[in-house]
Amino acid sequence: MRSWVDQKLRDLRVTLIEAGILAESSSSSGESKAVADAKHRLETARQDLDKQRKSRDEHKEDLEKDFGPDDVFRSLKGQCISTDSGEYTYELCFLDKTTQKPKKGGGHTNMGNFVRLEKIMVDDDVPADGKGLGSGERIAMKFENGQHCWNGPSRATTVIMACAEENELWKIMEEEKCIYRMEVGTPAVCELKSRESRTGAAVKDEL
Ligand code: MAN
C-alpha cells in the first residue's frame, strides 16, 4: 500500500512538472517554467505600459503648447534646417531648439529652447532673390534658457519668419553677446498671410 501511494505521488509529480505547473527540484530559481514565463510576460507588459504612459504625457504636453493660430506651426515641429556662418553651422529645429555647431568639430552649444510665439515688427528690404523678411508684422519663435554664456546671459534666439516656398534659414546674427537672431523662410506663415487678407485683422488677434 505504502509503495503504491509513493509511486502514485511520484507519477503525479512528473505529470505536474510536464504540465509546467510544478518546478523541477533541480531548477535553480525553484520556479516552474510556467511561473517564470508569466513573470516575464508581466514585466514586458509593465515596461510597455510605462512607454505608453510616457508617450501619452508627451502628447498631452504637446497639446497644451501654443502652435499659433489654428495650430499652423504644429506640422513644423521636429523639422530642422541649418546654415553655415563664420566658424559655425547654425541649426534651427522648429518649436524645439536652436544649436551652434563648430565647423572644426567639438561640442554643440544650445542657443535656446522654444518658449513661445511672438509678433515682431520688421522693416527690411527684400533682396532680389526674395529671401528676406520685408516690412510689417511678422511672427517669431522665441527660444530661451540655452547654454549659459561666460560673463553673459543664457543664450537665447529670436527666429523671425517670412513666407517662402521651402523652410530655409536665410540669415543668422549675434545681435548682442549670446543673443541671436535668425531670419527664416517657411510656407507655414504664407497661409497666415492669405487668411489675413481675407479676414482683415482677425488673424492677428488670434496670436
Ligand atoms: C562662443 C559662441 C559665440 C559667443 C561666445 C561667448 O564662442 O557661442 O557665439 O559669442 O561663445 O563667449
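Reply: The chain contains four helices and eight strands, where helices (H or I, at least four residues) and strands (E, at least two) are DSSP runs numbered from the N terminus. Along the sequence these elements follow the pattern α-α-β-β-β-β-β-β-β-β-α-α. The model is predicted, so local features need pLDDT of at least 70 and side-chain atom pairs count only at pLDDT 80 or more, while totals for chains, interfaces and linings use all residues. Residues are numbered from 1 along each chain as its sequence is written, and side-chain values use heavy atoms, with hydrogens and water left out.

The confidence of the prediction comes next. The mean pLDDT of the chain is 86, and 86% of its residues reach 70 or more; pLDDT is the predictor's confidence in each residue, from 0 to 100. Over residues 194–204 pLDDT stays under 50, and the model has 10 contacts beyond four places in sequence for them, a contact being heavy atoms within 4.5 Å. Where pLDDT is low, the predicted coordinates should not be read in detail.

The ligand itself is surrounded by Tyr 88, Gln 100, Cys 149, Arg 155, Glu 174, Lys 177, Cys 178 and Tyr 180; a residue is near a molecule or strand if one of its heavy atoms lies within 4 Å of it. This shell divides into four nonpolar residues, one polar and three charged. In this division Ala, Val, Leu, Ile, Met, Phe, Trp, Tyr, Cys and Pro count as nonpolar, Asp, Glu, Lys and Arg as charged, and the others, Gly among them, as polar.

Particular distances can be given for individual side chains. An N or O atom in the side chain of Gln 100 is 2.6 Å from an oxygen atom of the ligand. For Glu 174, a polar side-chain atom lies 2.6 Å from a ligand oxygen atom, and for Tyr 180 the corresponding distance is 2.8 Å. Taken alone, the ligand exposes 300 Å², and the protein buries 68% of that; accessible areas come from the Shrake-Rupley method with a 1.4 Å probe, and for residues only the protein chains shown count as cover.

Tyr 180 leads on to Thr 158, which is in contact with Tyr 180 as well as with Ile 120, Ala 140, Met 141, Lys 142, Arg 181 and Met 182, leaving aside neighbours within four places in sequence. Thr 158 is found in strand E6. Its side chain and that of Lys 142 are joined by a polar contact of 3.0 Å; a polar contact is a pair of N or O atoms within 3.5 Å, and within protein one must be able to donate a hydrogen and the other to accept it, while residues adjacent in sequence count only if both atoms are side-chain atoms. Thr 158 counts as buried because its relative accessible area is 13%, where buried means under 20%, exposed over 50% and partly exposed in between (1.4 Å probe, protein chains only).

Asn 151 is found in the loop between strand E5 (135–144) and strand E6 (156–163). At 64% relative accessibility, Asn 151 counts as exposed. Its phi is near 60°, a positive value in a residue other than glycine. Most residues other than glycine have a negative phi.

In the chain as a whole, buried residues make up 31% of the 207 residues.
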